[in-house]
Amino acid sequence: MSRVDVVLPCHNAAHCVGRQLAALGRQRTGTDWGLVVVDDGSTDDLAGVVDSHRSVLPDDLRIVTRPRRGGTGAARNTGAHAARGDRLLFLDADDEIADDHIDAMATALEQAELVTAGIDYRRLNPPGVLRSTPPDQLCDILTPSLFRPHVLGGLMGISRDLFDELDGFDERLPALADVDISWRAQLAGHTIGVADTVVSVSVRSTHRGRFRRGRFQGRDIVALRAKYAPHGITPTTWRTHLKDWLALPAAVARAGVRAAPSALVWELGWQAGVLGALRTPLPSPTPLPTPETP
């Protein structure tokens, strides 16, 4: 019998994960499902928050603990390996799914092996936060970037067979592992389906959070570009890094007056991440097959 497992990675998310757990408890579904909460090296009372919601969650609820933080890619792999279902749904701790999420994603996975949900930014984020967030930081679903469309990790559903075929998330790309697995799935001939449901997504509202996210993604983009160079993506070099620095004022200006400070903070984080990766490269991600030439 087909079964769905929800994988919910958490790192010091006790302050926000209750909202997502409550949403899971409101699911209107006849689908057989379980929940794996991955404690990714947390130091807060995550277990206590999870226990406070047990009465509304499925009987098959497990907390899997990682002794040290490995990032979302590693945490999602840990949860997937502990899961028992033939379909996997990955969520983020600070978002909130709709009451029909599990059924809608399970239905979509009957038509495609990799699926995503829609995004609602308005519900969880005050208008002032959205006005101060650069538009290019509010990702849409299936928007091409660099290479192919990708599925955000917190909105992802994937069949167990495809997950295993792809060897899961590349843990050497902790910030962009969802981009990578989406691209690898498409290179393997799979298309991305869109479920008829929406996830309310929380955006980072502090300059510190935006800088950190920009830095992590900037670091990973260097390895990601190198990994997909055989497929036509230009690798990051010191020359392109310098060009990006020179283009920074224009990038900030495009964000508009209200979002300019946030755009500047994120761009500085991004460039700091790229600089760090160029000086001390990450371990090489798993290489892709070189595309055949006609």
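Me: Is the crossing of H9 and H11 left-handed or right-handed?
Reply: The crossing of H9 and H11 is left-handed (the near helix is turned anticlockwise from the far one by less than a right angle). This is a predicted model, where local features need pLDDT of at least 70, side-chain atom pairs pLDDT 80 or more, and totals for chains, interfaces and linings use all residues. Residues are numbered from 1 along each chain as its sequence is written, and side-chain values use heavy atoms, without hydrogens and water.

Me: At what angle do H9 and H11 pack?
Reply: About 165°, with the axes of H9 (residues 238-246) and H11 (residues 260-279) 11 Å apart. H9 and H11 are therefore roughly antiparallel (over 145 degrees).

Me: Which residues of H9 meet H11?
Reply: Trp238, His241, Asp244 and Trp245. On the H11 side they meet Leu268, Gln271, Val274, Leu275, Leu278 and Arg279 (heavy atoms within 4.5 Å).

Me: Switching to H3. How many of its residues are buried?
Reply: In H3, 8 of 11 residues are buried (under 20% relative accessible area, 1.4 Å probe, protein chains only). Among them are Gly73, Asn77 and Ala80.

Me: What do the buried residues of H3 pack against?
Reply: Strands E1 (4-10), E2 (33-40), E3 (61-66) and E4 (87-91), plus helices H6 (160-165) and H7 (177-187).

Me: And Arg76, buried or exposed?
Reply: Arg76, in H3 (residues 72-82), is buried, with a relative accessible area of 4%.

Me: What does Arg76 touch?
Reply: Leaving out residues up to four places away in sequence, Arg76 touches Val7, Pro9, Phe90, Asp92, Gly153, Gly154, Phe169 and Asp178.

Key:
Helices (H or I, at least four residues) and strands (E, at least two) are DSSP runs, numbered from the N terminus. Buried means under 20% relative accessible area, exposed over 50%, partly exposed in between (1.4 Å probe, protein chains only). Axes are lines fitted to C-alpha atoms, for helices over the stretch in contact, and angles run from 0 to 180 degrees between N-to-C directions. Angles under 35 degrees count as roughly parallel, over 145 as roughly antiparallel, 65 to 115 as roughly perpendicular and the rest as oblique.
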